[in-house]
Amino acid sequence: SFSKGLEKEERVSASRKSRRERGLRDQEDYSRHMDYIHWNPVKHQWVNSVKDWPYSSFHNFVKQGFYPENWGSIMPLDIEGIE
């Protein structure tokens, strides 16, 4: 659902348009969105560290090697709109 709020300038397929979905621009954009999503439970003070949120897809990303297990133990400085 977060993709519905993305900028309106990109080209959208008919199937996405019918579902009112937006796409992501590139790998960097995808990574920034995933960082933001994973950091949200910490941002809202539900947990002290990203790994402490049991409902997060973060745990699967760690298993796949995309994140180190200790990512998010301190606030990442490169997440756009973190505050």
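The legends below walk through several close-up views of a predicted model.

Residues are numbered from 1 along each chain as its sequence is written, and side-chain values use heavy atoms, with hydrogens and water left out. Because this is a predicted model, local features need pLDDT of at least 70 and side-chain atom pairs count only at pLDDT 80 or more, while totals for chains, interfaces and linings use all residues.

**View 1. Confidence along the protein.** The protein has a mean pLDDT of 78, where pLDDT is the predictor's confidence in each residue, from 0 to 100. A value of 70 or more is reached by 61% of the residues. Confidence is lowest in helix H1 (residues 14–18), with a mean of 65, and highest in helix H3 (residues 58–63), at 96. Helices here are DSSP runs (H or I, at least four residues), numbered from the N terminus.

**View 2. A cluster of aromatic rings.** Phe 58, Phe 61, Phe 66, Tyr 67 and Trp 71 are linked into a cluster by ring pairs. Rings of Phe, Tyr and Trp (its six-membered ring) pair if their centres lie within 6.5 Å; planes under 30 degrees apart count as stacked, over 60 as edge-to-face and the rest as tilted. This rule gives a count of seven aromatic pairs. In one of them, Phe 58 and Tyr 67 have ring centres 5.3 Å apart and planes at 55°, so this pair is tilted. Phe 61 and Tyr 67 have ring centres 6.0 Å apart and planes at 75°, so theirs is edge-to-face.

View 3. Phe 58 is buried at 1%, Tyr 67 is buried at 10%, and Phe 61 is buried at 16%.

**View 4. A serine beside Phe 58.** Ser 56 sits in the loop between H2 and H3, and is buried at 13% relative accessibility. Its side chain reaches the backbone nitrogen of Phe 58 at 2.9 Å.

View 5. Side chains of opposite charge can pair when their charged atoms come close. The structure holds one salt bridge, meaning a side-chain nitrogen of Lys or Arg within 4 Å of a carboxyl oxygen of Asp or Glu. Here the side chains of Glu 28 and Arg 32 meet at 3.4 Å, N to O. Both residues lie in helix H2 (residues 27–43), four residues apart, about one turn of the helix. Glu 28 is exposed at 55% relative accessible area, whereas Arg 32 is partly exposed at 26%.

Definitions and conventions:
Buried means under 20% relative accessible area, exposed over 50%, partly exposed in between (1.4 Å probe, protein chains only). Helices (H or I, at least four residues) and strands (E, at least two) are DSSP runs, numbered from the N terminus. A polar contact is a pair of N or O atoms within 3.5 Å; within protein, one must be able to donate a hydrogen and the other to accept it, and residues adjacent in sequence count only if both atoms are side-chain atoms.
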